[in-house]
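Open the model in your viewer and keep the selection panel handy. I'd like to walk you through it stop by stop, saying what to select and what you will find there.

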Amino acid sequence: MGYPHPSHPKETVVLSKYFGDAEARTYPGWVKRGGYEALKKALGMTPDAIIEELKASGLRGRGGAGFPTGLKWSFMPKGDGKPHYLVCNADESEPGTFKDREIMRWTPHQLIEGCAIAAYAIGAETCYIYIRGEFTEPWKVMSRAVDDAYANGALGGNVFGSGKRIDMVLHRGAGAYICGEETAMMNSIEGRRGNPRIKPPFPAQAGLFGMPTTINNVETLAATSPILLRGAAWYKGLCLGNPKSTGTKLFSVCGHVMKPGNYEITMGFPMNDLIHDLAGGMRPGRRLKAVIPGGSSVPIMTAAEAEASLCDYEGIIEKGSMLGSAGFIVMDDSADIVYEIYRLAKFYAHESCAQCTQCREGTAWTTKILERILKGQGKREDLDLLLDLSDKMTGRTICVLSDSCAAPIVSGIKKFPEEFDAYLSRAKAPALATVG
Amino acid sequence: MSAATHGSHAEAPYQPVFVGASREKLEALFPKYPTKQAVLLPALWIVQEGRGWIPPEGIAEVAAVLGLTPAYVRGVATFYTMYHLHPVGRHFIQVCGTSPCHLCGSDDVLHAILKETGCGELGATSPDGRFTVTEVECLGACGFATPVIIDDDFHDSVTPERVPGILARYP
């Protein structure tokens with residue numbers, strides 16, 4: 001449902017069915033809506049059977065990378081005698097993305113149930129849910145829901161009488177985008193600076209506290225209950241053509257649209273309909289100029305590319321970008337592409353953990369060069385310099401924050417050269433004032 | 001940051017945070033993690049909730065209860081933007097300014113807040129010690145532009161017109 005708007009007939013509502021329904025937040029309210037049946041069913045299955053069901057459903061990670069969830073779970077060792085951990089990534093900080101927030105605010109038990117199923121499937125007795133420090137409201141809702149789940153036997157030492165222990169701990173972040181990167185998140189939980197770790201070892205081998213660990217996004221975990229209840233075949237059938245992208249997905253749409261919100265659509269849905277119909281299109285008299293579809297860390301799309309694209313992992317790659325976390329930043333013809341790219345570069349410069357040189361220097365210098373262009377002091381060769389820096393920032397660092405900064409810059413210069421030209425030729429007045 | 005605000009906090013002698021209910025809160029965290037060090041972020045939150053900021057003595061206290069060095073604790077605390085390592089106003093305001101909110105007019109909201117609070121510039125505390133205002137990166141509520149956090153309250157869809165009414169709730 002396109003919360004805060006009523007559901008649109010073209011949506012396929014699974015995860016967002018109860019957004020805006022206050023009673024669904026409570027334990028009895030959730031049970032009344034069929035909640036915790038999936039967990040009870042899961043506890044009667046073997047972990048392997050659950051993993052096979054997830055594999056068959058085609059569910060892929062909803063946090064951005066799109067890795068097959070069942071396959072990820074299958075990497076966890078078996079019979080190793082070590083404690084296993086599940087970490088739920090609720091550090092939603094990718095500009096343009098605000099779907100996990102709504103899952104936690106409205107259906108906390110949907111997430112708790114999904115976490116419990118995943119924990120059981122990977123042999124973990126403890127699940128840490130890492131919630132970004134700024135999410136004060138989701139934190140309160142989740143805290144209460146976890147307490148209620150314990151009180152009703154859905155968590156604890158003997159989950160629903162199965163003899164299985166599943167503990168759930170909410171861990172509050174403290175302001176750091178990079179902690180959404182899985183290895184940085186593990187460091188943060190361990191009481192360290194949130195610097196990403198070099199892989200290998202991968203988390204399934206040596207993750208949190210050095211133990212086998214699986215990290216999944218909120219939306220991915222929330223999707224596991226409906227899959228177990230209604231079956232892999234049903235989920236796989238929610239697909240508009242491309243069998244590699246299945247199920248429903250929450251698309252956050254923001255920026256210059258009439259009805260910003262979260263829209264749940266079947267994979268393969270036309271992007272044109274998402275932007276111009278579900279999200280209400282542009283303001284009167286305005287035209288679509290550009291879309292950054294994956295949260296901010298992916299290449300920018302022109303209006304023509306966006307309007308011809310399908311909303312799934314492969315469809316967006318085909319049109320020159322990536323699905324990422326599906327946070328759509330929509331810009332109409334009033335947007336200044338150079339300024340918005342500068343603002344994103346500034347974001348990455350602020351959020352770089354500064355561990356790798358290419359990222360620490362690259363994000364800072366690209367920001368400074370873009371600032372210079374916006375001050376009307378740019379030189380023609382600045383574009384080549386930005387492209388050269390971006391190239392050195394891509395594929396050479398421990399994590400992909402640096403690559404994420406480069407993606408909108410490179411695509412912006414290639415797809416909107418006239419916007420840069422306007423500043424470089426001094427045809428356009430500086431957007432930033434020169435100080436001193 | 002005004003020198004006056006800084007001084008008024010610094011003059012009060014430091015009282016340990018981890019006593020009574022705060023101590024119990026801390027102790028309740030230990031069984032949730034296999035190491036003591038993992039309680040570091042939550043412990044820093046407890047200090048900030050109790051003091052409004054994390055003074056050097058608070059860093060030392062956290063280090064002592066977790067068996068870490070103050071230098072290590074400070075190194076971690078400085079990594080995260082939400083820990084206040086210097087005093088702030090009675091109410092701490094965070095305004096989102098990243099691209100999606102910028103497209104929707106976050107600059108106007110920020111200017112209205114700076115004007116209404118009398119803070120003048122970003123990071124500054126108002127002369128009456130009531131507010132500190134900062135611009136922050138993406139708050140994860142882009143569909144509800146512009147989100148503003150005041151203390152622990154999340155305000156959605158803030159417009160310049162709504163600013164005086166919202167701020168009036170924070171004496």
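Predicted model: local features only at pLDDT ≥ 70, side-chain atom pairs only at ≥ 80, totals over all residues.

**Stop 1: chain B as a whole**

You will find eight helices and four strands, and reading along the sequence gives the pattern α-α-α-α-α-β-α-α-β-β-β-α. The C-alpha trace spans about 50 × 35 × 25 Å along its principal axes. Of its 171 residues, 42% count as buried.

Now colour chain B by domain. Domain 1 covers 3-77 and domain 2 covers 91-167. Taken over C-alpha atoms, the centres of these two domains of chain B are 28 Å apart.

**Stop 2: where chain B meets chain A**

Next, select the residues of each chain that contact the other. On chain B there are 34 of them, in contact with 46 residues of chain A. Which helices of chain B each supply at least two residues of the side that touches chain A? They are H3 (40-51), H5 (70-77) and H6 (99-103). Colour that side of chain B by residue class and you will get 22 nonpolar, nine polar and three charged residues.

**Stop 3: helix H3 of chain B**

Stay with H3(B) and pick its two end C-alpha atoms. They are 17 Å apart, which agrees with the 16 Å that 12 residues should span at 1.5 Å a residue. Then show the side chains of Leu40(B), Leu41(B), Pro42(B), Ala43(B), Leu44(B), Ile46(B), Val47(B) and Gln48(B), which are buried. The buried residues of H3(B) have partners in both chains: they pack against strand S3 (167-172) and helix H8 (182-189) of chain A, together with helices H2 (20-29), H4 (56-66) and H5 of chain B. Step just past the end of H3(B) to reach Gly52(B), which takes a positive phi of about 90°.

**Stop 4: helix H7 of chain A**

Move over to chain A and select residues 136-151, which form H7(A). The end C-alpha atoms of this helix are 23 Å apart, in agreement with the 22 Å that its 16 residues should span at 1.5 Å a residue. Highlight the buried residues of H7(A), namely Pro138(A), Trp139(A), Met142(A), Ala145(A), Val146(A) and Ala149(A). Look down the axis: these residues cover an arc of only 135°, so they sit on the same side of H7(A). Asp147(A) and Ala151(A) are exposed on the other side.

What covers the buried residues of H7(A)? Among the elements of chain A that do so are helices H1 (27-32), H5 (99-106) and H6 (108-122), along with strands S2 (124-131) and S3. After H7(A) comes Gly153(A), with a positive phi near 80°.

**Stop 5: the nonpolar core**

Keep H6(A) on screen. The largest nonpolar core has 181 residues, and those with the most contacts inside it are Cys115(A), Ala116(A) and Leu274(A). H6(A) contributes the largest share of this core, 10 residues. Centre on Ala116(A): leaving aside neighbours within four places in sequence, it is in contact with Leu39(A), Ala154(A), Leu155(A), Val159(A) and Ile166(A).

**Stop 6: a buried loop residue**

Select Ala326(A), in the loop between helix H14 (313-318) and strand S11 (327-332) of chain A. Is Ala326(A) buried or exposed? It is buried, because 29 other C-beta atoms lie within 10 Å. Not counting residues up to four places away in sequence, Ala326(A) touches Lys249(A), Leu250(A), Phe251(A), Ser252(A), Pro293(A) and Gly294(A).

**Stop 7**

Go to the loop between H8 and strand S4 (213-217) of chain A, where Pro200(A) is placed. The peptide bond from Lys199(A) to Pro200(A) is cis, with omega near -5°, and the bond from Pro200(A) to Pro201(A) is also cis, with omega near 5°.

Phe160(A), in the loop between H7 and S3 of chain A, has a positive phi of about 50°. Phe160(A) counts as partly exposed, with 18 C-beta neighbours inside 10 Å. Finally, find Ser157(B) in the loop between strand S4 (153-155) and helix H8 (163-167) of chain B. Its phi is positive too, near 50°, and with 15 C-beta neighbours inside 10 Å Ser157(B) counts as partly exposed.

Notes. Residues numbered from 1 in each chain as written. Chains lettered and ligands numbered in written order. Contact = placed C-beta atoms within 7 Å. Nonpolar A, V, L, I, M, F, W, Y, C, P; charged D, E, K, R; others polar. Domains from an automatic or database assignment. Expected span 1.5 Å × (residues − 1). Buried ≥ 20, exposed ≤ 12 C-beta atoms within 10 Å, placed from the backbone. Arc of directions from axis to C-beta. Core = buried A, V, L, I, M, F, W, Y, C linked by C-beta atoms within 7 Å.
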